[in-house]
Amino acid sequence: MKPPSGPEEARRPASDIRVFASSCTLHGLGHVFGPGSLTPRRGLWAVAVLLSLAAFLYQVAERVRYYGEFHHETALDERESHQLTFPAVTLCNINPLRRSRLTPNDLHWAGPALLGLEPAEHAAFLRALGQPPTPPGFMPSPTFDMAQFYARAGHTLEDMLLDCRYRGQPCGPENFTTIFTRMGQCYTFNSGADGAELLTTPKGGAGNGLEVMLDVQEDEYLPVWKDVEDTLFEVGIRVQIHSQEEPPIIDQLGFGAAPSYQTFVSCQQQQLSFLPPPWGDCSSASLDPDFEPESADPLGSPSPSPGLSPPYSLMGCRLACETRYVARKCGCRMMHMPGGAPVCSPQQYKDCANPALDAMLRKDACTCPNPCASTRYAKELSMVRMPSRAATRYLARKYNRSEAYIAENVLVLDIFFEALNYETVEQKKAYEVSELLGDIGGQMGLFIGASLLTILEILDYLCEVFQDRVLGYFWNRKHSQRHSSTNLLQEGLGSHRNQVPHLSLGPSAVVCVSAGLPPLPVPSPGHFLPPTAPATWSHGSRPGVCVFRATP
(Lines give C-alpha, C1' and ligand atoms only; values in the text may rest on other atoms or scores of the structure.)
Protein backbone atom coordinates (compact mmCIF):
# COMPACT_ATOMS: atom_id res chain seq x y z
CA MET A 1 0.00 0.00 0.00
CA LYS A 2 1.16 3.54 -0.75
CA PRO A 3 2.15 5.70 2.23
CA PRO A 4 -0.05 8.72 2.86
CA SER A 5 1.24 11.92 1.30
CA GLY A 6 1.10 15.41 2.76
CA PRO A 7 0.76 16.58 6.37
CA GLU A 8 -3.02 16.43 6.26
CA GLU A 9 -3.01 12.79 5.05
CA ALA A 10 -0.44 11.86 7.67
CA ARG A 11 -2.67 13.18 10.47
CA ARG A 12 -5.67 11.11 9.38
CA PRO A 13 -6.18 7.69 11.06
CA ALA A 14 -5.82 4.46 9.09
CA SER A 15 -9.59 3.93 9.34
CA ASP A 16 -10.31 7.02 7.27
CA ILE A 17 -11.85 6.02 3.93
CA ARG A 18 -9.76 8.60 2.05
CA VAL A 19 -6.54 7.17 3.42
CA PHE A 20 -7.66 3.67 2.42
CA ALA A 21 -8.82 4.80 -1.03
CA SER A 22 -5.53 6.55 -1.78
CA SER A 23 -3.53 3.38 -1.08
CA CYS A 24 -5.91 0.57 -2.13
CA THR A 25 -5.24 -1.37 -5.34
CA LEU A 26 -8.96 -1.42 -6.22
CA HIS A 27 -9.17 0.62 -9.42
CA GLY A 28 -11.19 3.84 -9.35
CA LEU A 29 -11.62 4.01 -5.57
CA GLY A 30 -8.99 6.77 -5.20
CA HIS A 31 -10.83 8.94 -7.73
CA VAL A 32 -14.11 8.62 -5.80
CA PHE A 33 -12.80 9.31 -2.27
CA GLY A 34 -9.92 11.64 -3.15
CA PRO A 35 -9.31 14.97 -1.41
CA GLY A 36 -11.46 17.95 -2.28
CA SER A 37 -15.13 18.63 -2.68
CA LEU A 38 -17.66 16.76 -4.78
CA THR A 39 -17.17 17.43 -8.49
CA PRO A 40 -18.81 16.06 -11.67
CA ARG A 41 -15.60 14.16 -12.38
CA ARG A 42 -15.81 12.43 -9.02
CA GLY A 43 -19.49 11.63 -9.63
CA LEU A 44 -18.70 10.03 -12.99
CA TRP A 45 -15.99 7.95 -11.37
CA ALA A 46 -18.44 6.83 -8.68
CA VAL A 47 -20.99 5.79 -11.33
CA ALA A 48 -18.30 3.89 -13.25
CA VAL A 49 -17.11 2.07 -10.13
CA LEU A 50 -20.65 1.10 -9.14
CA LEU A 51 -21.51 -0.14 -12.63
CA SER A 52 -18.30 -2.17 -12.81
CA LEU A 53 -18.98 -3.64 -9.37
CA ALA A 54 -22.56 -4.54 -10.36
CA ALA A 55 -21.37 -6.20 -13.59
CA PHE A 56 -18.75 -8.14 -11.62
CA LEU A 57 -21.27 -9.36 -9.05
CA TYR A 58 -23.70 -10.37 -11.83
CA GLN A 59 -21.03 -12.42 -13.60
CA VAL A 60 -20.01 -14.06 -10.33
CA ALA A 61 -23.63 -14.98 -9.58
CA GLU A 62 -23.99 -16.50 -13.07
CA ARG A 63 -20.81 -18.56 -12.69
CA VAL A 64 -21.85 -19.79 -9.24
CA ARG A 65 -25.31 -20.69 -10.57
CA TYR A 66 -23.79 -22.60 -13.49
CA TYR A 67 -21.48 -24.48 -11.13
CA GLY A 68 -24.47 -25.33 -8.92
CA GLU A 69 -26.18 -27.09 -11.85
CA PHE A 70 -23.38 -29.72 -11.82
CA HIS A 71 -23.04 -30.26 -15.57
CA HIS A 72 -21.01 -33.15 -16.92
CA GLU A 73 -19.59 -34.14 -20.29
CA THR A 74 -18.77 -37.54 -21.79
CA ALA A 75 -15.33 -38.27 -23.22
CA LEU A 76 -14.75 -41.17 -25.62
CA ASP A 77 -11.20 -42.43 -26.03
CA GLU A 78 -9.45 -45.47 -27.44
CA ARG A 79 -6.41 -46.89 -25.66
CA GLU A 80 -3.95 -49.68 -26.28
CA SER A 81 -2.88 -52.43 -23.91
CA HIS A 82 -0.26 -55.16 -23.90
CA GLN A 83 -2.79 -57.71 -22.64
CA LEU A 84 -6.48 -57.82 -21.81
CA THR A 85 -8.45 -59.87 -19.31
CA PHE A 86 -10.63 -62.34 -21.17
CA PRO A 87 -14.35 -61.93 -20.41
CA ALA A 88 -16.63 -64.47 -18.76
CA VAL A 89 -18.58 -66.54 -21.31
CA THR A 90 -21.85 -68.17 -20.22
CA LEU A 91 -23.40 -70.97 -22.31
CA CYS A 92 -26.90 -72.39 -21.99
CA ASN A 93 -28.68 -75.01 -24.05
CA ILE A 94 -31.97 -73.54 -25.23
CA ASN A 95 -33.66 -76.76 -24.12
CA PRO A 96 -33.72 -76.72 -20.28
CA LEU A 97 -34.54 -80.40 -19.63
CA ARG A 98 -33.57 -83.65 -21.32
CA ARG A 99 -36.47 -85.89 -22.25
CA SER A 100 -34.60 -89.08 -21.29
CA ARG A 101 -34.13 -87.84 -17.73
CA LEU A 102 -37.75 -87.09 -16.91
CA THR A 103 -39.59 -89.53 -14.63
CA PRO A 104 -43.23 -89.94 -13.62
CA ASN A 105 -42.33 -88.31 -10.31
CA ASP A 106 -40.97 -85.26 -12.18
CA LEU A 107 -44.18 -85.00 -14.19
CA HIS A 108 -46.27 -85.25 -11.03
CA TRP A 109 -44.44 -82.34 -9.38
CA ALA A 110 -43.20 -80.19 -12.26
CA GLY A 111 -45.54 -81.14 -15.10
CA PRO A 112 -48.34 -78.63 -14.42
CA ALA A 113 -45.96 -75.80 -13.47
CA LEU A 114 -43.08 -76.16 -15.94
CA LEU A 115 -44.55 -78.08 -18.86
CA GLY A 116 -48.20 -77.05 -18.74
CA LEU A 117 -49.36 -80.68 -18.39
CA GLU A 118 -52.57 -81.78 -16.78
CA PRO A 119 -52.50 -85.01 -14.75
CA ALA A 120 -54.61 -86.77 -17.39
CA GLU A 121 -51.96 -85.98 -20.03
CA HIS A 122 -49.04 -87.59 -18.23
CA ALA A 123 -49.46 -90.97 -19.91
CA ALA A 124 -49.60 -89.49 -23.42
CA PHE A 125 -46.60 -87.26 -22.67
CA LEU A 126 -44.57 -90.23 -21.45
CA ARG A 127 -45.38 -92.03 -24.72
CA ALA A 128 -44.17 -88.95 -26.61
CA LEU A 129 -40.96 -89.12 -24.61
CA GLY A 130 -40.55 -92.75 -25.59
CA GLN A 131 -40.86 -93.92 -21.99
CA PRO A 132 -43.13 -96.57 -20.45
CA PRO A 133 -46.30 -95.39 -18.74
CA THR A 134 -46.55 -94.80 -15.03
CA PRO A 135 -46.43 -98.13 -13.20
CA PRO A 136 -49.48 -99.19 -11.16
CA GLY A 137 -49.41 -98.09 -7.54
CA PHE A 138 -47.05 -95.20 -8.24
CA MET A 139 -46.53 -92.96 -5.18
CA PRO A 140 -44.84 -89.59 -5.70
CA SER A 141 -42.05 -88.48 -3.37
CA PRO A 142 -43.10 -86.42 -0.35
CA THR A 143 -40.80 -83.52 -1.33
CA PHE A 144 -39.30 -82.15 -4.53
CA ASP A 145 -36.08 -80.14 -4.90
CA MET A 146 -36.03 -77.91 -7.98
CA ALA A 147 -32.23 -77.43 -7.96
CA GLN A 148 -31.62 -81.15 -7.86
CA PHE A 149 -34.22 -81.63 -10.58
CA TYR A 150 -32.51 -79.24 -13.00
CA ALA A 151 -29.05 -80.58 -12.13
CA ARG A 152 -30.20 -84.13 -12.92
CA ALA A 153 -32.43 -83.50 -15.91
CA GLY A 154 -30.59 -80.57 -17.51
CA HIS A 155 -27.93 -80.86 -20.21
CA THR A 156 -24.49 -81.55 -18.76
CA LEU A 157 -21.37 -79.93 -20.12
CA GLU A 158 -19.59 -83.29 -20.19
CA ASP A 159 -22.11 -84.47 -22.78
CA MET A 160 -22.30 -81.24 -24.80
CA LEU A 161 -18.62 -80.22 -24.93
CA LEU A 162 -16.88 -82.06 -27.78
CA ASP A 163 -13.74 -79.91 -27.93
CA CYS A 164 -12.40 -76.88 -26.08
CA ARG A 165 -9.32 -74.75 -26.64
CA TYR A 166 -8.16 -71.46 -25.20
CA ARG A 167 -5.36 -69.76 -27.14
CA GLY A 168 -4.58 -73.12 -28.74
CA GLN A 169 -4.28 -74.94 -25.39
CA PRO A 170 -6.83 -77.66 -24.49
CA CYS A 171 -9.47 -76.94 -21.87
CA GLY A 172 -12.38 -78.92 -20.50
CA PRO A 173 -15.42 -78.94 -18.22
CA GLU A 174 -13.15 -78.26 -15.25
CA ASN A 175 -12.58 -74.75 -16.66
CA PHE A 176 -16.32 -73.99 -16.48
CA THR A 177 -18.49 -73.10 -13.50
CA THR A 178 -22.07 -74.33 -13.15
CA ILE A 179 -24.60 -71.55 -12.68
CA PHE A 180 -28.40 -71.50 -12.64
CA THR A 181 -30.24 -68.93 -14.75
CA ARG A 182 -33.85 -68.59 -15.78
CA MET A 183 -33.01 -70.91 -18.70
CA GLY A 184 -31.96 -73.64 -16.31
CA GLN A 185 -28.50 -75.06 -15.71
CA CYS A 186 -25.78 -73.10 -17.54
CA TYR A 187 -21.98 -73.00 -17.58
CA THR A 188 -19.57 -70.06 -17.36
CA PHE A 189 -16.01 -70.04 -18.68
CA ASN A 190 -13.41 -67.85 -16.87
CA SER A 191 -15.85 -66.87 -14.13
CA GLY A 192 -13.16 -66.19 -11.52
CA ALA A 193 -15.28 -68.02 -8.94
CA ASP A 194 -13.67 -69.24 -5.72
CA GLY A 195 -10.64 -67.01 -6.29
CA ALA A 196 -9.63 -68.63 -9.58
CA GLU A 197 -7.10 -66.62 -11.56
CA LEU A 198 -8.61 -64.79 -14.51
CA LEU A 199 -7.31 -65.66 -17.96
CA THR A 200 -5.67 -63.00 -20.12
CA THR A 201 -4.70 -62.78 -23.76
CA PRO A 202 -1.71 -60.92 -25.25
CA LYS A 203 -2.96 -61.03 -28.84
CA GLY A 204 -6.09 -60.29 -30.79
CA GLY A 205 -7.71 -62.15 -33.64
CA ALA A 206 -9.14 -65.64 -34.17
CA GLY A 207 -7.23 -68.41 -32.45
CA ASN A 208 -6.27 -66.19 -29.51
CA GLY A 209 -9.44 -66.68 -27.51
CA LEU A 210 -11.95 -69.40 -26.66
CA GLU A 211 -12.96 -71.97 -29.27
CA VAL A 212 -15.48 -74.65 -28.33
CA MET A 213 -17.27 -77.36 -30.30
CA LEU A 214 -20.65 -78.23 -28.83
CA ASP A 215 -23.30 -80.88 -29.34
CA VAL A 216 -26.76 -79.35 -28.84
CA GLN A 217 -28.31 -82.84 -28.35
CA GLU A 218 -31.45 -82.09 -30.34
CA ASP A 219 -32.74 -85.62 -29.82
CA GLU A 220 -33.04 -84.78 -26.09
CA TYR A 221 -35.30 -81.77 -26.69
CA LEU A 222 -38.75 -81.92 -25.13
CA PRO A 223 -41.69 -82.41 -27.48
CA VAL A 224 -43.79 -79.36 -28.30
CA TRP A 225 -46.94 -80.35 -26.42
CA LYS A 226 -48.84 -77.09 -26.30
CA ASP A 227 -48.43 -73.65 -27.81
CA VAL A 228 -47.90 -71.74 -24.58
CA GLU A 229 -45.85 -68.66 -23.76
CA ASP A 230 -42.68 -70.59 -22.91
CA THR A 231 -42.86 -73.05 -25.81
CA LEU A 232 -39.48 -73.41 -27.52
CA PHE A 233 -39.35 -73.67 -31.29
CA GLU A 234 -35.62 -73.06 -31.83
CA VAL A 235 -32.56 -75.22 -31.36
CA GLY A 236 -29.07 -74.16 -30.42
CA ILE A 237 -27.02 -72.51 -27.69
CA ARG A 238 -27.61 -69.18 -25.96
CA VAL A 239 -24.39 -67.24 -25.21
CA GLN A 240 -23.65 -64.17 -23.11
CA ILE A 241 -20.28 -62.40 -22.89
CA HIS A 242 -19.98 -60.33 -19.74
CA SER A 243 -17.57 -59.20 -17.04
CA GLN A 244 -16.79 -61.36 -14.03
CA GLU A 245 -18.48 -58.88 -11.66
CA GLU A 246 -21.78 -59.05 -13.51
CA PRO A 247 -24.23 -61.98 -13.18
CA PRO A 248 -25.52 -63.34 -16.50
CA ILE A 249 -29.04 -62.41 -17.57
CA ILE A 250 -28.81 -64.74 -20.52
CA ASP A 251 -32.53 -65.06 -21.21
CA GLN A 252 -32.66 -61.32 -21.98
CA LEU A 253 -29.12 -60.37 -23.10
CA GLY A 254 -27.76 -63.57 -24.66
CA PHE A 255 -27.31 -64.15 -28.39
CA GLY A 256 -27.89 -67.44 -30.20
CA ALA A 257 -25.47 -69.85 -31.87
CA ALA A 258 -27.10 -72.31 -34.27
CA PRO A 259 -25.98 -75.87 -35.07
CA SER A 260 -24.40 -76.54 -38.46
CA TYR A 261 -22.63 -73.17 -38.23
CA GLN A 262 -19.35 -71.84 -36.91
CA THR A 263 -20.02 -68.52 -35.19
CA PHE A 264 -17.20 -66.00 -34.93
CA VAL A 265 -17.60 -63.39 -32.19
CA SER A 266 -15.19 -60.44 -32.37
CA CYS A 267 -15.18 -58.50 -29.10
CA GLN A 268 -13.97 -55.08 -28.06
CA GLN A 269 -13.70 -54.17 -24.41
CA GLN A 270 -15.38 -50.98 -23.25
CA GLN A 271 -14.66 -49.45 -19.86
CA LEU A 272 -17.40 -47.14 -18.64
CA SER A 273 -16.97 -44.60 -15.87
CA PHE A 274 -19.87 -42.53 -14.55
CA LEU A 275 -20.04 -39.75 -11.97
CA PRO A 276 -21.86 -40.02 -8.63
CA PRO A 277 -24.46 -37.46 -7.54
CA PRO A 278 -24.82 -34.54 -7.92
CA TRP A 279 -23.05 -34.66 -11.32
CA GLY A 280 -24.53 -38.04 -12.29
CA ASP A 281 -26.62 -40.86 -10.86
CA CYS A 282 -24.18 -43.75 -10.54
CA SER A 283 -23.88 -45.97 -7.50
CA SER A 284 -21.13 -48.17 -6.13
CA ALA A 285 -22.97 -49.49 -3.05
CA SER A 286 -23.03 -53.27 -2.91
CA LEU A 287 -26.37 -55.03 -2.64
CA ASP A 288 -27.68 -57.96 -0.67
CA PRO A 289 -30.90 -59.61 -1.89
CA ASP A 290 -31.64 -60.82 1.66
CA PHE A 291 -31.47 -57.33 3.24
CA GLU A 292 -34.90 -55.73 3.33
CA PRO A 293 -35.23 -52.11 4.53
CA GLU A 294 -38.16 -51.36 6.81
CA SER A 295 -39.86 -48.86 4.51
CA ALA A 296 -39.15 -49.98 0.97
CA ASP A 297 -41.13 -49.53 -2.18
CA PRO A 298 -42.11 -53.00 -3.37
CA LEU A 299 -41.16 -52.04 -6.91
CA GLY A 300 -38.37 -49.63 -6.07
CA SER A 301 -34.65 -50.06 -6.34
CA PRO A 302 -32.98 -52.12 -3.63
CA SER A 303 -31.11 -50.38 -0.88
CA PRO A 304 -27.43 -50.83 -0.13
CA SER A 305 -26.52 -53.79 1.96
CA PRO A 306 -25.17 -53.28 5.48
CA GLY A 307 -22.85 -56.25 5.11
CA LEU A 308 -20.46 -57.75 2.62
CA SER A 309 -21.87 -58.37 -0.86
CA PRO A 310 -20.58 -58.73 -4.42
CA PRO A 311 -19.53 -55.54 -6.22
CA TYR A 312 -22.37 -53.42 -7.52
CA SER A 313 -23.46 -53.99 -11.11
CA LEU A 314 -26.55 -53.02 -13.06
CA MET A 315 -27.60 -56.62 -13.68
CA GLY A 316 -26.84 -57.53 -10.07
CA CYS A 317 -29.04 -54.70 -8.86
CA ARG A 318 -31.91 -55.80 -11.11
CA LEU A 319 -31.53 -59.41 -9.99
CA ALA A 320 -31.51 -58.38 -6.32
CA CYS A 321 -34.59 -56.20 -6.91
CA GLU A 322 -36.42 -59.10 -8.58
CA THR A 323 -35.39 -61.46 -5.77
CA ARG A 324 -36.74 -59.18 -3.08
CA TYR A 325 -39.98 -58.65 -4.93
CA VAL A 326 -40.63 -62.35 -5.53
CA ALA A 327 -39.59 -63.23 -1.97
CA ARG A 328 -41.97 -60.60 -0.60
CA LYS A 329 -44.88 -61.72 -2.79
CA CYS A 330 -44.39 -65.48 -2.66
CA GLY A 331 -42.24 -66.18 0.41
CA CYS A 332 -39.61 -67.95 -1.72
CA ARG A 333 -37.08 -67.28 -4.48
CA MET A 334 -36.70 -68.72 -7.94
CA MET A 335 -33.85 -71.11 -8.54
CA HIS A 336 -31.66 -68.63 -10.44
CA MET A 337 -32.04 -65.89 -7.84
CA PRO A 338 -29.40 -65.27 -5.16
CA GLY A 339 -30.06 -65.04 -1.45
CA GLY A 340 -30.97 -67.25 1.46
CA ALA A 341 -34.73 -67.55 0.95
CA PRO A 342 -36.05 -71.08 0.26
CA VAL A 343 -36.39 -72.12 -3.38
CA CYS A 344 -39.95 -72.08 -4.67
CA SER A 345 -41.73 -75.35 -5.25
CA PRO A 346 -43.10 -76.13 -8.74
CA GLN A 347 -46.59 -75.12 -7.62
CA GLN A 348 -45.26 -71.82 -6.27
CA TYR A 349 -43.51 -71.30 -9.61
CA LYS A 350 -46.81 -71.68 -11.42
CA ASP A 351 -49.12 -69.83 -9.05
CA CYS A 352 -46.93 -66.96 -7.85
CA ALA A 353 -43.29 -66.66 -8.85
CA ASN A 354 -43.55 -66.76 -12.66
CA PRO A 355 -46.60 -64.44 -12.87
CA ALA A 356 -45.09 -62.00 -10.38
CA LEU A 357 -41.74 -61.84 -12.16
CA ASP A 358 -43.32 -61.50 -15.61
CA ALA A 359 -45.53 -58.66 -14.40
CA MET A 360 -42.54 -56.96 -12.83
CA LEU A 361 -40.49 -57.21 -16.03
CA ARG A 362 -43.33 -55.82 -18.12
CA LYS A 363 -43.59 -52.81 -15.82
CA ASP A 364 -39.78 -52.39 -15.75
CA ALA A 365 -40.27 -51.53 -12.11
CA CYS A 366 -36.68 -51.88 -10.87
CA THR A 367 -34.98 -48.48 -11.05
CA CYS A 368 -31.29 -49.27 -10.76
CA PRO A 369 -28.63 -46.58 -11.33
CA ASN A 370 -25.59 -47.23 -13.47
CA PRO A 371 -22.47 -48.48 -11.70
CA CYS A 372 -19.73 -45.89 -11.29
CA ALA A 373 -17.28 -48.23 -13.06
CA SER A 374 -18.19 -51.14 -15.30
CA THR A 375 -16.90 -53.18 -18.23
CA ARG A 376 -18.91 -54.33 -21.19
CA TYR A 377 -18.07 -55.94 -24.50
CA ALA A 378 -19.17 -54.83 -27.94
CA LYS A 379 -19.65 -57.78 -30.30
CA GLU A 380 -19.60 -58.41 -34.03
CA LEU A 381 -20.90 -61.80 -35.20
CA SER A 382 -20.25 -63.65 -38.41
CA MET A 383 -21.09 -67.24 -39.38
CA VAL A 384 -20.04 -69.90 -41.84
CA ARG A 385 -21.63 -73.28 -42.46
CA MET A 386 -19.88 -76.28 -40.97
CA PRO A 387 -18.93 -79.05 -41.11
CA SER A 388 -18.05 -79.77 -44.70
CA ARG A 389 -18.83 -83.20 -46.14
CA ALA A 390 -15.30 -84.39 -45.49
CA ALA A 391 -15.35 -83.00 -41.96
CA THR A 392 -18.75 -84.58 -41.33
CA ARG A 393 -17.43 -88.05 -42.11
CA TYR A 394 -14.35 -87.46 -39.93
CA LEU A 395 -16.36 -86.15 -36.97
CA ALA A 396 -18.85 -89.01 -37.28
CA ARG A 397 -16.05 -91.54 -36.94
CA LYS A 398 -14.36 -89.58 -34.15
CA TYR A 399 -17.43 -89.20 -31.94
CA ASN A 400 -19.20 -92.43 -33.01
CA ARG A 401 -22.21 -90.61 -34.42
CA SER A 402 -23.95 -90.65 -37.73
CA GLU A 403 -23.17 -88.07 -40.37
CA ALA A 404 -26.75 -86.77 -40.18
CA TYR A 405 -26.43 -86.33 -36.42
CA ILE A 406 -23.17 -84.39 -36.81
CA ALA A 407 -24.66 -82.13 -39.47
CA GLU A 408 -27.72 -81.32 -37.36
CA ASN A 409 -26.26 -81.02 -33.85
CA VAL A 410 -22.67 -79.78 -33.93
CA LEU A 411 -21.67 -76.10 -33.77
CA VAL A 412 -18.42 -74.24 -33.20
CA LEU A 413 -18.16 -71.01 -31.22
CA ASP A 414 -15.02 -68.86 -31.59
CA ILE A 415 -14.75 -65.84 -29.26
CA PHE A 416 -11.75 -63.49 -29.44
CA PHE A 417 -10.68 -59.86 -29.14
CA GLU A 418 -10.58 -57.92 -32.36
CA ALA A 419 -7.41 -56.12 -31.23
CA LEU A 420 -5.59 -55.30 -28.01
CA ASN A 421 -7.21 -51.94 -27.64
CA TYR A 422 -10.22 -50.87 -25.64
CA GLU A 423 -12.59 -47.95 -25.52
CA THR A 424 -13.13 -45.73 -22.50
CA VAL A 425 -16.39 -43.88 -22.02
CA GLU A 426 -15.87 -41.51 -19.13
CA GLN A 427 -18.10 -38.89 -17.60
CA LYS A 428 -16.20 -35.82 -16.45
CA LYS A 429 -17.20 -32.72 -14.55
CA ALA A 430 -17.88 -30.00 -17.09
CA TYR A 431 -17.04 -27.23 -14.61
CA GLU A 432 -14.47 -27.73 -11.87
CA VAL A 433 -13.89 -25.59 -8.78
CA SER A 434 -10.59 -24.40 -10.27
CA GLU A 435 -12.45 -23.16 -13.35
CA LEU A 436 -14.96 -21.36 -11.15
CA LEU A 437 -12.17 -19.59 -9.26
CA GLY A 438 -10.42 -18.76 -12.52
CA ASP A 439 -13.58 -17.22 -13.97
CA ILE A 440 -14.20 -15.19 -10.81
CA GLY A 441 -10.59 -13.98 -10.84
CA GLY A 442 -10.84 -13.02 -14.51
CA GLN A 443 -14.09 -11.12 -13.99
CA MET A 444 -12.61 -9.44 -10.93
CA GLY A 445 -9.58 -8.23 -12.87
CA LEU A 446 -11.66 -7.16 -15.90
CA PHE A 447 -14.34 -5.13 -14.14
CA ILE A 448 -12.77 -3.78 -10.93
CA GLY A 449 -9.06 -4.44 -11.42
CA ALA A 450 -8.82 -6.36 -8.16
CA SER A 451 -7.05 -9.51 -7.02
CA LEU A 452 -6.92 -11.74 -3.98
CA LEU A 453 -4.55 -9.29 -2.27
CA THR A 454 -7.13 -6.54 -2.81
CA ILE A 455 -9.57 -8.58 -0.74
CA LEU A 456 -6.93 -8.83 1.98
CA GLU A 457 -6.50 -5.03 1.86
CA ILE A 458 -10.26 -4.58 2.34
CA LEU A 459 -10.25 -7.00 5.29
CA ASP A 460 -7.30 -5.16 6.80
CA TYR A 461 -9.17 -1.85 6.43
CA LEU A 462 -12.25 -3.30 8.12
CA CYS A 463 -10.07 -4.42 11.02
CA GLU A 464 -8.72 -0.87 11.29
CA VAL A 465 -12.25 0.52 11.31
CA PHE A 466 -13.29 -1.92 14.02
CA GLN A 467 -10.28 -1.06 16.13
CA ASP A 468 -10.61 2.71 15.79
CA ARG A 469 -14.38 3.10 15.84
CA VAL A 470 -15.65 0.26 18.04
CA LEU A 471 -12.80 -0.55 20.39
CA GLY A 472 -11.82 3.14 20.52
CA TYR A 473 -15.32 4.07 21.64
CA PHE A 474 -15.15 1.73 24.66
CA TRP A 475 -11.59 2.82 25.50
CA ASN A 476 -12.54 6.52 25.45
CA ARG A 477 -15.56 5.82 27.61
CA LYS A 478 -13.47 4.04 30.19
CA HIS A 479 -10.85 6.79 30.12
CA SER A 480 -13.50 9.47 30.71
CA GLN A 481 -14.82 7.55 33.74
CA ARG A 482 -11.33 7.47 35.25
CA HIS A 483 -10.88 11.16 34.56
CA SER A 484 -14.15 12.05 36.32
CA SER A 485 -13.14 9.98 39.37
CA THR A 486 -9.86 11.85 39.62
CA ASN A 487 -11.67 15.19 39.46
CA LEU A 488 -14.00 14.01 42.22
CA LEU A 489 -11.03 13.23 44.45
CA GLN A 490 -9.38 16.56 43.88
CA GLU A 491 -12.61 18.44 44.56
CA GLY A 492 -13.13 16.46 47.79
CA LEU A 493 -9.63 17.24 49.03
CA GLY A 494 -10.01 20.91 48.25
CA SER A 495 -13.36 21.24 50.01
CA HIS A 496 -12.30 19.42 53.18
CA ARG A 497 -8.75 20.72 53.53
CA ASN A 498 -9.78 23.36 56.04
CA GLN A 499 -12.08 21.03 58.00
CA VAL A 500 -9.30 18.76 59.32
CA PRO A 501 -6.40 21.05 60.33
CA HIS A 502 -5.58 18.90 63.33
CA LEU A 503 -4.98 15.76 61.22
CA SER A 504 -1.32 15.07 60.79
CA LEU A 505 -0.58 12.70 57.91
CA GLY A 506 3.13 12.69 58.29
CA PRO A 507 5.47 13.05 55.36
CA SER A 508 3.14 11.03 53.20
CA ALA A 509 -0.10 9.10 53.54
CA VAL A 510 -2.99 7.54 51.71
CA VAL A 511 -6.12 9.69 51.78
CA CYS A 512 -9.54 8.25 50.86
CA VAL A 513 -12.44 10.52 49.99
CA SER A 514 -16.12 9.63 49.65
CA ALA A 515 -19.04 11.88 48.80
CA GLY A 516 -20.65 13.34 51.94
CA LEU A 517 -17.77 12.17 54.23
CA PRO A 518 -14.60 13.89 55.42
CA PRO A 519 -11.27 12.69 54.04
CA LEU A 520 -10.09 9.50 55.75
CA PRO A 521 -6.35 9.06 56.12
CA VAL A 522 -4.81 5.61 56.11
CA PRO A 523 -1.45 6.20 57.79
CA SER A 524 -0.35 2.59 57.97
CA PRO A 525 2.89 2.34 55.94
CA GLY A 526 2.20 -1.31 55.25
CA HIS A 527 -0.93 -0.39 53.32
CA PHE A 528 0.41 2.49 51.23
CA LEU A 529 -0.78 2.52 47.66
CA PRO A 530 1.55 3.24 44.75
CA PRO A 531 1.59 6.96 43.92
CA THR A 532 0.74 6.40 40.25
CA ALA A 533 -3.05 6.06 40.11
CA PRO A 534 -6.10 6.37 42.32
CA ALA A 535 -7.83 3.31 43.70
CA THR A 536 -11.50 2.84 44.54
CA TRP A 537 -12.76 1.95 47.98
CA SER A 538 -16.08 1.87 49.87
CA HIS A 539 -17.28 3.23 53.19
CA GLY A 540 -20.40 1.32 54.05
CA SER A 541 -22.53 1.68 50.96
CA ARG A 542 -20.76 4.82 49.70
CA PRO A 543 -17.99 4.44 47.10
CA GLY A 544 -14.90 6.60 47.19
CA VAL A 545 -11.38 7.11 45.81
CA CYS A 546 -8.01 6.67 47.52
CA VAL A 547 -4.87 8.49 46.36
CA PHE A 548 -1.30 8.68 47.58
CA ARG A 549 -0.61 12.19 48.81
CA ALA A 550 2.70 13.56 49.97
CA THR A 551 3.01 16.55 52.33
CA PRO A 552 5.72 19.07 51.75
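**Reading features in a predicted model**

Tutor: Let us begin with P278, which is placed in the loop between β12 (261-273) and α10. Please keep in mind that this model is predicted.

Student: Where does P387 lie, and what is the form of the peptide bond from M386 to P387?

Tutor: P387 is placed in the loop between β13 (373-385) and α12 (389-399).

Student: How should I read the phi angle of F70?

Tutor: F70 has a positive phi of about 55 degrees although it is not a glycine. Its place is in the loop between α4 and β1 (72-80). With a relative accessibility of 25%, F70 counts as partly exposed.

Student: Where is N400, and is N400 buried or exposed?

Tutor: N400 belongs to the loop between α12 and α13 (403-409). Its relative accessible area is 70%, and N400 is therefore exposed, since exposed means over 50%. Phi of N400 is also positive, near 55 degrees, in a residue other than glycine.

Student: How many salt bridges does a search of the whole structure find?

Tutor: Side chains of opposite charge can pair when their charged atoms come close. In this structure, the search finds 8 salt bridges. One of them joins the side chains of R63 and D439 at 3.6 Å, N to O. R63 is in helix α4 (residues 40-68) and D439 in helix α14 (residues 433-447), and the pair links distant parts of the chain, 376 residues apart.

Student: Which side chain does R98 meet in a salt bridge?

Tutor: R98 meets D159, at 3.1 Å from N to O. R98 lies in the loop between β3 (88-93) and α5 (104-115), whereas D159 lies in helix α8 (residues 157-160), so the pair ties together parts that are 61 residues apart in sequence. At 4% relative accessibility R98 is buried, while D159 is partly exposed at 35%.

Student: What joins R182 to D358?

Tutor: Their side chains meet in a salt bridge of 2.9 Å, N to O. R182 is in the loop between β6 and β7 (184-189) and D358 is in helix α11, 176 residues apart. Elsewhere, salt bridges that share partners join E62, R65 and E69 into one network.

Student: Which residues lie nearest the centre of the second largest pocket?

Tutor: Rolling a probe the size of a water molecule over the atoms shows where empty space is left. The second largest pocket has a volume of about 750 Å³. It is lined by 39 residues, and I179, P247, P248, L319 and P338 lie nearest its centre. The lining divides into 22 nonpolar, 11 polar and 6 charged residues. Helix α10 gives the most to this lining, with 5 residues.

Student: Which residues form a nonpolar patch on the surface?

Tutor: L452, L453, I455, L456, I458, L459 and L462 form the patch, with about 660 Å² of accessible area together. L452 is found in helix α15 (residues 452-496), and L452 is exposed, with a relative accessible area of 63%.

Notes: Residues are numbered from 1 along each chain as its sequence is written. This is a predicted model: local features need pLDDT of at least 70, side-chain atom pairs count only at pLDDT 80 or more; totals for chains, interfaces and linings use all residues. Side-chain values use heavy atoms; hydrogens and water are left out. On a 1 Å grid over the protein atoms alone, a cavity is a set of points where a 1.4 Å probe fits but cannot get out, and a pocket is an open set with protein on both sides within 12 Å along at least five of seven lines; lining residues have an atom within 4 Å of a point. Grid points are joined across faces, edges and corners, and a volume is the space filled by probe spheres set on the points. Helices (H or I, at least four residues) and strands (E, at least two) are DSSP runs, numbered from the N terminus. Ala, Val, Leu, Ile, Met, Phe, Trp, Tyr, Cys and Pro count as nonpolar, Asp, Glu, Lys and Arg as charged, and the others, Gly among them, as polar. A salt bridge is a side-chain nitrogen of Lys or Arg within 4 Å of a carboxyl oxygen of Asp or Glu. Buried means under 20% relative accessible area, exposed over 50%, partly exposed in between (1.4 Å probe, protein chains only). Patches are made of residues with over 30% relative accessible area and no salt bridge: like charges are joined within 9 Å, nonpolar side chains (Val, Leu, Ile, Met, Phe, Trp, Tyr) within 5 Å. Accessible areas come from the Shrake-Rupley method with a 1.4 Å probe; for residues, only the protein chains shown count as cover.
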